[in-house]
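Subject: Structure handover

Hello,

Here is the structure you asked to take over. My notes on it follow below.

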Amino acid sequence: MQISPRQGLLRVREFTLAEIEHFVDPEDKSHPKFPDVANLEFLMFPREDQVAGSSARRINIGEAVAQGVVNNETLGYFIGRVYLFLTHLGIDKDRLRFRQHLANEMAHYAADCWDAEIECSYGWIECVGIADRSAYDLRAHTDKSGVPLVAHEKFPEPREVEKLIIVPAKKELGLAFKGNQKMVVEALEAMGEKEAMEMKETLESKGEAAFNVCTLDKVVTINKNMVSISKEIKKEHQRVFTPSVIEPSFGIGRIIYCLYEHSFNTRPSRDGDEQMNFFSFPPLVAPIKCTVFPLVQNQQYEEIARQIAKSLTVYGISYKIDITGTSIGKRYARTDELGVPFAITVDSASSVTIRERDSKQQIRVNVDEVASVIKEVTDGQSTWGDVLWKYPTHSS
């Protein structure tokens, strides 16, 4: 069972998934944006390395596709984008690998499949699956619904193509198979070119051929008067095909759990007498973006703190405000434990300090600019390094 109440928060009864269903031409699985990720290099674990007992190694995704290790460009593109997504969230790139499914793990219809595995206290855990499911999904929907789910590619000029023509003789098949006629007809019409031409040759030489009908789960005998098989040259104005599906599937709970582990850190207190815990969530994903503290209990500072809080609300920034008399060091430590990336300290009427959680560096910013600075960094438009260049450093 994939979902069962063990392994703490990794396997729970509610399994939250997010999936992408990307349809692609089965004859052309190139991707126009593949060059955007082709130079990425990260830990990959191809099936050959697994069978040989080797370890995962850093592989360039462009080379992996070119060498056929990854089946096609579109699959490679989504592997690259999953890598960027997870590392952008805060997953440690050195504890993230992409493992290819072994032959005995692959679904019979899949062309290729890779799992993004993240290392945590439970070992390497599958958190994202990226699969080329061929045309199985849409064909299965078509079979059940009776509605053809196909794409059309119009040709600039009509093309002459050789078409396989299979015409079951329904009257003869009805006499021979009675109630099972429909299933035999459908099985004959679904034959591939190789199977059909082999049957044609057998019927012409022997007059009858054994034929496996999957839906009946048995082999039947087809006589040469029951089906006509031929090839004809036809003009076509368009190509009709069933698209393949590339499916990245994300286990949301597992990703969040691994993010907690990868973001958890400790460091000594200022006195060095105890270990302080903190979460190093990237600003983009931290639930609370900043805190607002008056340095001391002072009516003027508290009023400025409330003004800043209002401007943060206008910018849509989540924050906490603390106007208690607790020491500033304890308030910093308290919010570090929650993974809050920035702390705004009101220590004058005209400007405030912004402290960054991981480095503990502080800059001084005018009161009317502080909300826009926080917005810029938490939205990912700038980095903390960028704002360090723009504003004066404050020494506590």
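A contact, as used here, means heavy atoms within 4.5 Å. Please keep in mind that this is a predicted model.

By that contact rule, and leaving out residues up to four places away in sequence, Leu86 touches Ile91, Leu96, Ala116, Ile118, Val128 and Ile255.

Leu86 belongs to the largest nonpolar core, which has 39 residues. Together with Ile61, Val70, Ile79, Phe98 and Val128, Leu86 is among the residues that touch the most other members. Several elements give two or more residues to this core, including strand 3 (41–45), helix 2 (61–66), strand 5 (96–100), strand 7 (123–132) and helix 8 (252–263). Helix 3 gives the most, with eight residues. Apart from this core lies another, of 24 residues, among them Leu312, Val346, Ile363 and Val373. As background, nonpolar side chains tend to be buried together in soluble globular proteins.

On the annotation side, an unreviewed UniProt entry lists residues 289–376 as "domain: Anticodon-binding". Over residues 289–376 the chain is 38% helix and 27% strand, and the end C-alpha atoms are 11 Å apart.

Last, the cysteines. The structure holds zero disulfides. For Cys113, the nearest cysteine sulfur is that of Cys127, 14 Å away, whereas a disulfide needs the two sulfur atoms within 2.5 Å. Cys113 is buried, with a relative accessible area of 9%. Cys290 is buried too, at a relative accessible area of 0%.

Regards

Methods:
Residues are numbered from 1 along each chain as its sequence is written. This is a predicted model: local features need pLDDT of at least 70, side-chain atom pairs count only at pLDDT 80 or more; totals for chains, interfaces and linings use all residues. Side-chain values use heavy atoms; hydrogens and water are left out. UniProt positions are given in the numbering used here, feature names are shortened, and annotations may be inferred rather than shown by experiment. Helices (H or I, at least four residues) and strands (E, at least two) are DSSP runs, numbered from the N terminus. A nonpolar core is a set of buried Ala, Val, Leu, Ile, Met, Phe, Trp, Tyr and Cys residues joined through side-chain atoms within 4.5 Å. Buried means under 20% relative accessible area, exposed over 50%, partly exposed in between (1.4 Å probe, protein chains only).
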